[in-house]
Amino acid sequence: MILREGLTLAAIGIAIGVVAVLAVTRLLSVLLFGVTSSDPITFLFSVGGLLLAALFAAYLPARRASEVDPIEALRYE
């Protein structure tokens, strides 16, 4: 559940970012060297890298939460 929530937030952020980047590429195309303003390989590697980073960032809290006994967690509250 924790891993899914973390990756959902990352996917929403990436979707918003891709839309924003596609809107701004026309303005920044003069700064790009060796790639087009909407190079699909660059987008795929960027999105893959961000999803991989989000997976690693959400994994540790998810692992820690899975080790907690549910009865102890309920008793604590």
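I began with the salt bridge between glutamate 67 and arginine 63, where the side chains meet at 3.7 Å, N to O. I note that this is a predicted model. The pair does count, because the cut-off is 4 Å between a side-chain nitrogen and a carboxyl oxygen. Next I asked how open each partner is. Glutamate 67 comes out exposed, at 58% relative accessible area. Arginine 63 is partly exposed, at 41%.

How many salt bridges does the rule give? I get two. The other entry in my list joins glutamate 72 and arginine 75, with 3.2 Å from N to O. I checked their spacing: they sit three residues apart in helix H3, so about one helical turn separates them. Here glutamate 72 is partly exposed, with a relative accessible area of 44%, and arginine 75 is exposed, with 60%.

I also looked at the charges as a set. The protein carries 5 positive and 6 negative charges, and I find their mean positions 6 Å apart.

Then the fold. I see three helices and zero strands, running α-α-α from the N terminus. Is the chain spread out or a compact globule? The radius of gyration is 19 Å, whereas the globule rule gives 11 Å for 77 residues, so I put the protein down as more spread out than a compact globule. For the box around the C-alpha atoms, along the principal axes, I wrote roughly 60 × 20 × 15 Å.

What share of the residues is buried? I noted 10% of the 77. The accessible surface comes to about 6400 Å², and carbon and sulfur atoms hold 72% of that.

Last, confidence. The mean pLDDT of the protein is 84, and 96% of the residues score at least 70. Where is confidence lowest, and where highest? I find the lowest in helix H3 (residues 70-76), with a mean of 79, and the highest in H2, with 88.

Technical notes
Residues are numbered from 1 along each chain as its sequence is written. This is a predicted model: local features need pLDDT of at least 70, side-chain atom pairs count only at pLDDT 80 or more; totals for chains, interfaces and linings use all residues. Side-chain values use heavy atoms; hydrogens and water are left out. Helices (H or I, at least four residues) and strands (E, at least two) are DSSP runs, numbered from the N terminus. The radius of gyration is taken over C-alpha atoms; the globule rule is 2.2 Å times the number of residues to the power 0.38. Buried means under 20% relative accessible area, exposed over 50%, partly exposed in between (1.4 Å probe, protein chains only). Accessible areas come from the Shrake-Rupley method with a 1.4 Å probe; for residues, only the protein chains shown count as cover. Lys and Arg count as positive and Asp and Glu as negative; His and the chain ends are not counted. The place of a charge is taken as NZ of Lys, CZ of Arg, CG of Asp or CD of Glu. pLDDT is the predictor's confidence in each residue, from 0 to 100.
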